[in-house]
Amino acid sequence: MNIDTTMKEILVNNHRASVWYGDLSLLEECAKINNITTDHPQKTIQKILNALDKSPLFKKSYITVDLSGQKRKYRCFTLK
């Protein structure tokens, strides 16, 4: 199964429409199902988000977070 179709199933099963960098439980579940192993968890997250970025199943947007006065943008992917 591909990363994007796995994530779609995970979102549907969890009654969710989107996933972003901070959804660790969803990302970890996707990594486990797809046997994604990297030397660092952040690389695993980026690998999954990069796959969603290329997928026709998802639309990319951004979440802006204010962290200690600094604004950061995180990719967010919503089912089409």
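Four salt bridges were counted in this predicted model, a salt bridge being a side-chain nitrogen of Lys or Arg within 4 Å of a carboxyl oxygen of Asp or Glu. Local features need pLDDT of at least 70, side-chain atom pairs count only at pLDDT 80 or more, and totals for chains, interfaces and linings use all residues. Residues are numbered from 1 along each chain as its sequence is written, and side-chain values use heavy atoms, with hydrogens and water left out.

Side chains of opposite charge can pair when their charged atoms come close. One of the salt bridges joins D39 to K43, with 3.5 Å between the closest N and O atoms. D39 is exposed, at a relative accessible area of 65%.

D53 takes part in a salt bridge with K60, where the closest N and O atoms are 3.4 Å apart. D53 is partly exposed, with 34% relative accessibility. K60 is also partly exposed, with 34%. A salt bridge also forms between the side chains of D53 and R75, at 3.5 Å from N to O. D53 belongs to helix 3 and R75 to strand 3, so this pair ties together parts 22 residues apart in sequence. Helices (H or I, at least four residues) and strands (E, at least two) are DSSP runs, numbered from the N terminus. R75 is buried, at a relative accessible area of 15%. Shared partners join D53, K60 and R75 into one salt-bridge network.

Helix 3 spans residues 41-54 and has 14 residues. From first C-alpha to last, helix 3 reaches 20 Å, close to the 20 Å expected at 1.5 Å a residue. The expected span is 1.5 Å times one less than the number of residues in the helix. Buried positions in helix 3 are T44, I45, I48, L49 and L52. These residues cover an arc of only 125° around the axis, which puts them on the same side of helix 3. The arc is that of the directions from the helix axis to the C-beta atoms. The buried residues of helix 3 pack against helix 1 (3-13), strand 1 (18-20), helix 2 (24-33), strand 2 (58-67) and strand 3 (70-79). Contact here means heavy atoms within 4.5 Å.

Helix 2 has its own buried residues: L26, L27, C30 and A31. Down the axis of helix 2 they fall within an arc of 135°, so they line one face of the helix. S25, E28 and K32 are exposed on the other side of helix 2. The packing partners of the buried residues of helix 2 are helix 1, strand 1 and helix 3. Just after helix 2, N35 takes a positive phi of about 55°.

Aromatic pairs were also counted, and the total is 2. Rings of Phe, Tyr and Trp (its six-membered ring) pair if their centres lie within 6.5 Å; planes under 30 degrees apart count as stacked, over 60 as edge-to-face and the rest as tilted. W20 and Y74 make an edge-to-face pair, with 5.5 Å centre to centre and 65° between the planes. This pair links distant parts of the chain, W20 in strand 1 and Y74 in strand 3, 54 residues apart. W20 is partly exposed, at a relative accessible area of 25%. Y74 counts as buried, at 19%. Y74 also pairs with Y21: the ring centres are 5.5 Å apart and the planes lie at 25°, so the pair is stacked. Y21 lies in the loop between strand 1 and helix 2 and Y74 in strand 3, so the pair ties together parts 53 residues apart in sequence. Y21 is partly exposed, at 24% relative accessibility. Together, W20, Y21 and Y74 form one aromatic cluster.

A charge also sits over a ring. K73 lies over the face of Y62, at 4.4 Å from the ring centre. The rule requires NZ of Lys or CZ of Arg within 6 Å of the ring centre and within 35 degrees of the ring normal.

Note on methods:
Buried < 20%, exposed > 50% of the residue type's maximum accessible area, 1.4 Å probe, protein only.
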